[in-house]
Amino acid sequence: MPVNDIDAPEQVSADHLVPHIPGVIFQFHRARNGHMRFPYLEGGGVALKHIDRELLAENAGQLVEQLTGNDHPKIMSAIERSARWMLPLTTRFRLPFPKEKPHWIAVSAKPTPVDDGVQWNGIMMDISDQVGEEQRLRKLCDTDPLTQLPNRRKLMMHLTHVASLSTRHGTPLSIMMIDIDHFKRLNDRWGHLHGDDVLKQLATHTQSLLRCEDMVARLGGEEFMVVLPLTPLQQCHALADRLRQAISVHDFGMGPGQVTLSIGVAEYRCGEPLTSLIERADQALYSAKDVGRDCVCHIR
Ligand SMILES: Nc1nc2c(ncn2[C@@H]2O[C@H](COP(=O)(O)OP(=O)(O)OP(=O)(O)O)[C@@H](O)[C@H]2O)c(=O)[nH]1
């Protein structure tokens with residue numbers, strides 16, 4: 001077919017294209033006195049659905065102040081850093097939507113100094129689906145699939161955080177190392193599925209005895225750890241004994257008295273490596289096994 005028989009493509013212009021893209025193109029301006037506005041804000045997708053563009057062309061302060069959680073200080077400091085060092089502005093925030101969950105929006109923009117302040121040209125994209133997927137995968141990485149408790153990885157991150165708070169503020173922090181006694185025997189006698197059920201019930205039972213700032217995690221097999229911020233050793237010991245006692249009379253479906261726990265407790269010593277704390281709790285657990293199980297021990 002001769003080339004000139006093919007229809008010439010329609011002229012494509014940005015004005016036609018921009019309303020159809022799944023995102024927003026913008027120009028953002030911050031004056032020296034801090035006044036913020038969007039001289040240009042166009043695009044498609046859902047991000048502009050509830051936004052008054054005429055208002056934002058005059059004043060963007062209201063929109064920024066509406067942001068929830070720590071998104072407001074986060075975005076203000078990202079703007080400040082970008083303006084000060086003329087670095088690209090790259091951040092994400094939650095945009096409130098009426099009668100809907102907030103949408104996650106990613107921003108990427110390039111700053112340029114102008115006479116009366118700084119101006120950014122950039123794009124915003126709705127990344128709610130991607131953030132939802134990230135959260136799902138993170139939960140999967142941090143959760144024990146059988147009991148739905150935090151796993152060892154999550155526990156170690158949490159323990160590192162609370163230990164640094166304890167060192168900074170000089171507040172007490174204790175841990176419990178919990179192990180089900182003769183679990184192999186229980187599995188052999190009642191079957192693996194019943195064993196699984198004991199692990200699940202123990203997780204629920206332990207959680208119900210704790211405060212919301214405490215964390216119980218499954219370390220693996222029939223071993224669990226509880227982290228108790230703001231709790232000295234004596235209190236931790238008393239709580240461990242309450243748990244041990246409650247489990248020893250609980251009916252896990254095989255009659256009461258079939259499941260008992262050995263528990264080692266230890267208190268964090270300001271600034272010590274976490275491995276030392278865990279080792280002390282481990283040794284205390286071994287002592288509890290040594291002295292006959294179904295008891296709580298600590299190492300002096
Ligand atoms: N049902 C079930 N059993 C598990 C799971 N993970 C580990 N186990 C079993 O837990 C048992 C642990 O046995 P041991 O380490 O010998 O300890 P124990 O029999 O509890 O003996 P003591 O700790 O000395 O009181 C093993 O038989 C493992 O197969 C699990 O997810 N489900």
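What follows is a chat about the predicted model shown above.

Visitor: Hi! What kind of model is this, and which pLDDT do local features need?

Guide: It is a predicted model, where local features need pLDDT of at least 70, side-chain atom pairs count only at pLDDT 80 or more, and totals for chains, interfaces and linings use all residues. Residues are numbered from 1 along each chain as its sequence is written.

Visitor: OK, and what is the mean pLDDT of the protein chain?

Guide: The mean is 92, with 96% of the residues at 70 or more; pLDDT is the predictor's confidence in each residue, from 0 to 100. The model also scores ipTM 0.95 and pTM 0.78.

Visitor: How many helices and strands are there in the chain?

Guide: The protein chain has ten helices and ten strands.

Visitor: Is the chain a compact globule or more spread out?

Guide: More spread out, because its radius of gyration is 29 Å, well over the 19 Å from the globule rule for 300 residues. That radius is taken over C-alpha atoms, and the rule is 2.2 Å times the number of residues to the power 0.38. The C-alpha atoms fill a box of roughly 90 × 60 × 35 Å along the principal axes.

Visitor: Which domains does the assignment give?

Guide: Domain 1 (3-132) and domain 2 (143-298), with bounds from an automatic or database domain assignment. Their centres, taken over C-alpha atoms, are 48 Å apart.

Visitor: Switching to the ligand: how many residues surround it?

Guide: There are 17, the closest being Asp 181, Phe 183, Lys 184, Gly 195 and Gly 221. A residue is near if its C-beta atom, placed from the backbone, lies within 6 Å. Strand E6 (173-180), helix H7 (183-190) and helix H8 (192-209) each give two or more residues to the shell.

Visitor: Last one: which strand does E1 pair with over eight bridges?

Guide: Strand E5 (residues 117-126), in the antiparallel sense, and His 29 stands opposite Gln 119 there. Two strands pair if DSSP finds at least two bridges between them. E1 (residues 24-31) also runs antiparallel to E2 (residues 36-43), joined by six bridges, with Phe 26 partnered by Leu 41. Four residues lie between E1 and E2 in their hairpin, where Gly 34 in the turn has a positive phi of about 95°.
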